[in-house]
Amino acid sequence: MKNQTSKPASQTGRYFKYAIGEIILVVIGIMIALQINTWKEEQQLKKEERKILQNLAIDFKMRKNELFEFNEFTIKELNAIDQMLLQCNKPKLIYKAETLDSLLSFMGNSYSFNDSFQLLDLLFNTGKIDIIENEALKKDLLIWPWLVEEHLEETRTIQKIRIEKESTIWEQYISYADTFSYFNFRDYRYQIITNPNLKTDHFGLFNNRMFINNLISRRGTLLIMYNDRVKLIETADRILNNIEMDLK
């Protein structure tokens, strides 16, 4: 009787162990499948991050080169303003008319930084900025729009000065044909039809109180713009260096 009662018990134990083993195998299989799926998702995110970084590198290299170009031109414009300020309030012309026209041509530029950045906007709007693992890089990308806006404020100030003040002065004293013929930015030159009866009144212009104050105001704004671009260039450098390290 003892053997008969112990046999079913031992069989039950074996079945129980077998069931436990089956459950463990199923759980292990599920865990392995989840790990494989997680690994695949991580690899896909890494591929997506790499593509994003490559495109950001292209964009920021272009922005950095553009900022350098604008700052080089700004230095020339500041030097031109300093030379023009030397002429102001003098009883006679220091420079030849052609030289003054050449200096005035720097004030005819209308270049401005392109703030459109579709890739960065996409990253912010879709939340894909979180795909980027480098926290230092992410921080610089987040502050970039703010730095651009700081720069654009001064650009708008220059444009406002040109519309509200310069246009009135130029219409009164300046011949666009004389001045714009010297304009040269990115090898672009205005095609001006000269008018021999319309000449620039250099003496009247450089003794005009509004014009002098405008030069001083413009000079201050240009210096701020220059420094804003320096900050943008430094930030672009950090972004590009971090991207380069991550891509390696």
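Visitor: What share of the contacts with a separation of 6 or more joins residues 24 or more positions apart?
Guide: In the protein chain, such residues account for 82% of those contacts, where a contact means heavy atoms within 4.5 Å. This is a predicted model, in which local features need pLDDT of at least 70 and side-chain atom pairs count only at pLDDT 80 or more, while totals for chains, interfaces and linings use all residues. Residues are numbered from 1 along each chain as its sequence is written, and side-chain values use heavy atoms, with hydrogens and water left out.

Visitor: OK, and how many helices and strands are there?
Guide: The protein chain has seven helices and zero strands, both taken as DSSP runs numbered from the N terminus, with helices being H or I of at least four residues and strands being E of at least two.

Visitor: How much of the chain is buried?
Guide: Of the 248 residues in the protein chain, 36% are buried; buried means under 20% relative accessible area, exposed means over 50%, and partly exposed lies in between, using a 1.4 Å probe and protein chains only.

Visitor: Which residues have the most contacts inside the largest nonpolar core?
Guide: They are Leu56, Phe60, Leu123, Ile132, Leu141 and Trp144, in a core of 27 residues. A nonpolar core is a set of buried Ala, Val, Leu, Ile, Met, Phe, Trp, Tyr and Cys residues joined through side-chain atoms within 4.5 Å.

Visitor: What does leucine 56 touch?
Guide: Leaving aside residues up to four places away in sequence, leucine 56 touches Leu119, Leu120, Leu123, Ile132, Leu141 and Ile243.

Visitor: Now α3, which residues are buried there?
Guide: In α3, which covers residues 118-126, Leu119, Leu120 and Leu123 are buried. Seen down the axis of α3, its buried residues fall within an arc of 100°, so they line one face of the helix; the arc is that of the directions from the helix axis to the C-beta atoms.

Visitor: And what is on the face turned away?
Guide: That face of α3 carries the exposed residues Gln118 and Asn125, and the helix is followed by glycine 127, whose phi is positive, near 80°.

Visitor: Switching topic, where is asparagine 89?
Guide: Asparagine 89 is in the loop between α1 (2-87) and α2 (97-104), and although it is not a glycine, its phi is positive, about 65°.

Visitor: Is asparagine 89 buried or exposed?
Guide: Asparagine 89 counts as exposed, because its relative accessibility is 55%.
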